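Please view the sequence and the model below before reading on.

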Amino acid sequence: MASPTSLLDLNLIPSPKIEPKAEPLGEDSDIGPISQPPNPNSTPDLNSLSIVPFNDLTTSLQHLSPAAADEEALFAEYYRLARLFMATYASPNSDPGPLASAPPPSPGMPKPSSALVVSKKRKARSAEMVRVSSLNEQDQIYFRDLVRRTRITFESLRILIIRDEARGGGLGVFGKRSRADLKAAALMTDRGLWLNRDKRIIGSIPGIFVGDVYFFRMELCVIGLHGQVQAGIDYVPASRSSSGEPIATSIIVSGGYEDDDDGGEVLIYTGHGGRDRNLHKMCDVQKLEGGNLGLERSMKYGIEIRVIRGVKFDQSPTGKVYVYDGLYKVSDCWMDAGKSGFGVYKYKLLRIEGQEEMGSTMLKLAVSLRVSSLSVRKTGFFCNDISTGRENFPVSLFNNLDDDQDPLHFEYLPHPIYPPDIQGKFHGEGNGGCECKVNCSTNCYCATLNGGEFPYGGNGVLLRGKPLIYECGNACHCPPTCPNRVTQKGLKHWLEVFRSNETGWGVRSMDLIRAGTFICEFSGIVLTKQQTELLSQAGESLVYPNRFPGRWAEWGDISDVFSDYMPQNLPYLPDLGFSIDVSRARNIACYLSHSCSPNVFLQFVLYDHYNVSYPHLMIFAMENIPPLRELSIDYGVVDEWVGKLTL
């Protein structure tokens, strides 16, 4: 991954040595000088954002608190899974050990290099507390790409493990009921791919935005947003703090404690401990120790707290999503009688002003907009569906900035119109297609076209990007329910074109879009190479497929874990000379804004014909995209043609 070319000003400011009687730090306080000024010519140190080996997990858990014991037990479990995995996929020249009877890897599963050995120890996270501030634009892009790359690795490993288990392959030795998120985290551990482990970041973490959403607690640990596997309070232990006092850095609010009172901007948070695991009610008095004392100390010293909320979400594989809602300050702490009659510690947290809107608030707003947009939006121009019913879901238009209604002046095309010689091949005459009578299997004709595997996993999630994807289409005999029919089915989300001060016209979703899923297609009038050369001189608005960079190669890339992983170079895709004219007819994709750090990417797909020179331009999510967050794509060569689409 490329580093920023500009000078770096990370301002990794060490937190002060906290003395017991020190005055609380104000919100605007500069908390101390840098002990060693950073090299002005340096670039972000990736090692400073990586994991360090774990401590010995064979240590007795008897001396630990229940919360710590739970965490150690869970770490021990996925460490056990990692050892089992490595034994199963050991080098052919190594000692097979007691697991020599384990089944071999399934076809297409990359093997770890012989250097990939699971550490028997893990070091504790660093207790050195720092803040990160004053990042320039290039630094922000750098760290956002770093976080995105780490999340892609985690999710790609997770869905690969699930697919392999379903096939009964090598990873299936763990049992179908074992958790793929634990296995993915374990595989990333020994490669040092967990972020923010050697510095305890206070406040905002570079590359993580307010409103970001996650489906798994382990993912929060992997990126360093919250370091506790189970506990709701993340803190620096007293034994490792310079003052001998614990300091809290983040909390998760997920409704686990009956005495919580979540008002959004104002939060009454219940401390840890004393809860019955089965009844989810208090059964004992809480103590002012560990994370509870850490929150009290953070209040005393003015340490801001990252707040992550767990929200129920039916479309999530875990039944909920975790939403990062920004920074809060603890303003009060007291002991109170809980609803079950036991003493609980309560903390009043106030959200710091000037941040982006809370992600949990945007989730609720999106629900209200889907139910009744007009009752929520009191001003501005709104059109419920500019596609006039030609898409599976409405494509709304909203502008509360000016009088511009330009998208209404174009004919809406849900699918591109191809040249006549291509249209004649839409029914697959003489081109074969699979003969499957039910949903396709991995030995069918279309799987062969895709290099011997199908591109999609469960729920239509793209397993890995390819130069070109063949979906089952018009020439195939399989039913519409075939899992290899995804993009051809059209929109799966309510999308909206909206007016933005920053990007002109932009696109956002009323739904949470899951990473690796299909969003929409670039549509318009498809022009041949000769037509393109002619109309480009006339100043028409054209979309050039050959200008988009190969961001598809990033999705599913697990080379950080498996060193012999190679990007896909099949199926073959020739140089594309055609363009798409969107001067008079277009669809919602034409309003995607440009970004050097995009959250969506272009994937070429064929399904209604087999001419590789004219693939469909399909858009997929590169990360989990929260409702109402703008979608952005990398157009590659950016010039006036992008401006014609979005202004």
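The model is predicted, with local features needing pLDDT of at least 70, side-chain atom pairs pLDDT 80 or more, and totals for chains, interfaces and linings using all residues. Residues are numbered from 1 along each chain as its sequence is written, and side-chain values use heavy atoms, without hydrogens and water.

**Around E245**
- E245 lies in the loop between strand 5 (233-236) and strand 6 (247-253); strands are DSSP runs of E, at least two residues, and helices are runs of H or I, at least four, numbered from the N terminus.
- The side chain of E245 also makes a polar contact of 2.8 Å with that of Y301.
- E245 counts as buried because its relative accessibility is 11% (buried is under 20% relative accessible area, exposed over 50%, partly exposed in between, with a 1.4 Å probe and protein chains only).

**Strand 6 and its partners**
- Seven of the seven residues of strand 6 are buried.
- Strand 6 pairs with strand 5 in the antiparallel sense over four bridges; pairing requires at least two DSSP bridges.
- Strand 6 pairs with strand 9 (residues 305-312) in the parallel sense, over four bridges, and I251 has V307 as its bridge partner.

**An open sheet**
- Three strands form an open antiparallel sheet in the order 19-21-20.
- V526 stands opposite I580 in strand 21.

Key
Polar contact = N/O pair within 3.5 Å; in protein donor to acceptor, adjacent residues only side chain to side chain.
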